[in-house]
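I opened this entry to look up two things.

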Amino acid sequence: MKNIIFLGLAGAGKGTQAKKLSDFMGIPMISSGDLFRFHLGNNTELGIEANKYMSTGALVPDDITINMILHRIGEEDCSKGFILDGFPRTLEQAESLQKAVNGNISSVIYIEVKEKELIKRLSDRVVCTSSGCNAILSKSDIKGIDSNCPICNEISLTQRQDDLAEVVENRLKTQIPLINQLVDYYKNREILITVDGQQNVDLVESEIKNILGLN
Ligand code: AMP
């Protein structure tokens, strides 16, 4: 059973790399942010509650987030392993996960990118909200925000509200001390792998596969 965690600040490329690895390994990728956005899109109570925090760049409270993720990793398709993107983000979340899987985390991949580069990337990011697509694109990949998604062809492109400049700074300010704590937490357990996320997407992907012995 392979349980893998991706760690990184917003815009580091966690989602992109987690998706690639999930397709390659044939185990599900679970993104806490996508799950919250899915709930919001369906107007569930959980989605509406989570959005109160997400829209300002704050973290959703631990109890709500932990319940949602532990429920998801208990589902049948996760029995051979899973890849987590965006969870854990706090020590309390890390501890709850550790207990839920009896310490069975095989690798934690930390994608490191400088803050200045992250701000640049986030302001350029466009996402497809069509369920099943969730493509992460750059403004240069599309003709305009009202055009068809180049991946699934639906008209459902948007710039995430929390990628707007004022919110990005707040998100990063909240995330930096927390991620440093998580890096130490997994370093102490000797399962942390640090990858240089400033490289292009393909290089990051092949470095991850090399380290995991998948190439
Ligand atoms: P992301 O798509 O990972 O950037 O997440 C978008 C937003 O969802 C974050 O800014 C938080 O508000 C919320 N969120 C996602 N994952 C978590 C988590 N593990 N703990 C708390 N809030 C989260």
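I began with the shell around the ligand: α2 gives the most to it, with 4 residues. Helices here are DSSP runs (H or I, at least four residues; strands are E, at least two), numbered from the N terminus. This is a predicted model, where local features need pLDDT of at least 70, side-chain atom pairs count only at pLDDT 80 or more, and totals for chains, interfaces and linings use all residues. Residues are numbered from 1 along each chain as its sequence is written, and side-chain values use heavy atoms, with hydrogens and water left out.

Next I checked who comes nearest. Of the 16 residues around the ligand (a heavy atom within 4 Å), these are Ser32, Ala58, Gly86, Arg89 and Gln93.

A polar backbone atom of Ala58 sits 2.6 Å from a ligand oxygen. For Arg37, a side-chain N or O atom is 2.9 Å from an oxygen of the ligand. Val60 places a backbone N or O atom 3.0 Å from a ligand nitrogen. How much of the ligand does the protein bury? It buries 97% of the 480 Å² that the ligand exposes alone (Shrake-Rupley, 1.4 Å probe).

Last, I turned to the helices. α2 (residues 32–41) packs on α4 (residues 62–73) at about 100 degrees, with axes 11 Å apart. That makes the pair roughly perpendicular (65 to 115 degrees). On the α2 side, Ser32, Leu35, Phe36 and His39 make the contact (heavy atoms within 4.5 Å). From α4 I noted Ile64, Thr65, Met68, Ile69 and Arg72.

Terms used:
Axes fitted to C-alpha atoms, helices over the stretch in contact; angles between N-to-C directions. Parallel < 35°, antiparallel > 145°, perpendicular 65-115°, else oblique. Polar contact = N/O pair within 3.5 Å; in protein donor to acceptor, adjacent residues only side chain to side chain.
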